[in-house]
Amino acid sequence: MPNKVTIYSTPTCVYCNMTKEFFKKNSVVYEDHNVAEDDDAREEMINKSQQLGVPVIDINGKIIIGYDEAALSKLLGLKK
Amino acid sequence: MYELAIIGGGPAGVAAGVYAARKKIKTVLITDIFGGQSLVSEDVQNWIGEISIRGEKLAKNMEAHLRVQEGIDIKSGVLASAVKKFGDNFSLSLSNGETLEAKYLLTTVGSKRRKLNIPGDQKFEGKGVVYCSTCDAPLFKGKTVAVVGGGNAGLESAIDLTHYATKIYLLVRSGALRGDPISQEKATKSEKIEILYNCEPKEILGDMFVRGLKYLDKTANETKELKLDGVFVEIGSIPNSDLIKDFVKINEKGEIITDPRTQKAGENIWAAGDVTDVLYKQNNISMGDAIKAVLNIYETIHKGSK
């Protein structure tokens, strides 16, 4: 089954961009919510993560906070 | 086995890597990410040769410049976790389990952000206490926030926040701002920014998220409270000198003491950039210092082989 991947990000956040680049490099399909603009997505992010900081990444219901290549690879089942 | 291991991928590390490759020194460079502290800067305006550039773009340019060099090994996405002496050489353990050896070491590992270290600081990190202003400022649209720190980073953070927050308190420990006059002017002119001088943060208050800040107003000698939703911390940084502290001399600030002519810091060890006792912590200066180090390493190698 494919991974369900969602990222909550802001356009000015370099760690968000790095995470998205990591997804692209590894052909990971993801949904991107710009929480600077989208108030509903911001609420959703806060509820899921109890975090007021980006990026928040949801991989099949598991939450990663911040840019963490090792954690992303692990949850996505990527081989190094 | 390498001749030279460079630890760090900020301006100093990348500059050193480029020079070392061109000097055909057998080199490995180890870094978790590229770009150094300016990575998160919204707009860098003092990088000579670029009138205005985003930190992210600057980091990409640096990485690209390094990656086109031939004959340098780059280990990115990993940290050097331990350095030991192994005979005449250094043995480096990496966070991915790898180990490697090098004759000479150049550390350009920079510094990490200084934390507030007051009650509530840790508890509310990511819950209103912010260390990456450009990342999270947009989340504080219509909110009241405080920025702690009257240096360049604090001023830039406060100015950036004027696009989002309705009110920004800028808390300054001393009686004056320290940042560049051009930023001071912008901050003092903004109607949204209120500067509170001689203030010392004492406690972050909140429930699930930040709701306020207790601080000591040193002028009135009175503890006061601000109601707010976010605290942006921009109070400088601490050198990452721990990794090689056994092989060099460290001053009271935690900086590696270097010879300013050669950047030499110990036997077969050089250091450059913000991890050192360089007087001015600047991207442009870090690069120059790292280049001095590589040229001195090159001379050392060639003296040795004569």
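Does Gln263(B) count as buried or exposed, and how many C-beta neighbours lie inside 10 Å? With 30 C-beta neighbours inside 10 Å, Gln263(B) counts as buried, where a residue is buried if 20 or more other C-beta atoms lie within 10 Å of its own, exposed if 12 or fewer, and partly exposed in between, the C-beta atoms being placed from the backbone. The model is predicted, so that local features need pLDDT of at least 70 and side-chain atom pairs count only at pLDDT 80 or more, while totals for chains, interfaces and linings use all residues. Residues are numbered from 1 along each chain as its sequence is written, and chains are lettered from A and ligands numbered from 1 in the order in which they are written.

Gln263(B) has a phi near 70 degrees, a positive value in a residue other than glycine, and lies in the loop between β16 (237–239) and β17 (264–266) of chain B; helices (H or I, at least four residues) and strands (E, at least two) are DSSP runs, numbered from the N terminus. Asn268(B), likewise not a glycine, has a positive phi of about 65 degrees and is found in the loop between β17 and β18 (269–271) of chain B. Asn268(B) is partly exposed, with 19 other C-beta atoms within 10 Å.

In chain A, helix α1 (residues 14–25) has 12 residues and reaches 16 Å from its first C-alpha to its last, close to the 16 Å expected at 1.5 Å a residue, the expected span being 1.5 Å times one less than the number of residues. Its buried residues are Val14(A), Tyr15(A), Cys16(A), Thr19(A) and Phe22(A). These buried residues pack against elements of both chains, namely β1 (5–9), β3 (56–59) and α3 (69–76) of chain A together with α2 (55–67) and α3 (133–136) of chain B. Just after α1(A), Ser27(A) takes a positive phi of about 50 degrees.

Between the chains, 17 residues of chain B are in contact with 16 residues of chain A, contact requiring C-beta atoms, placed from the backbone, within 7 Å of each other. On the side of chain B that touches chain A, α2 and α3 of chain B are the elements that give two or more residues, and α3(B) contributes the largest share, 3 residues. By class, this side has 8 nonpolar, 5 polar and 4 charged residues, with Ala, Val, Leu, Ile, Met, Phe, Trp, Tyr, Cys and Pro counted as nonpolar, Asp, Glu, Lys and Arg as charged, and the others, Gly among them, as polar.

Notes: Two residues are in contact if their C-beta atoms, placed from the backbone, lie within 7 Å.
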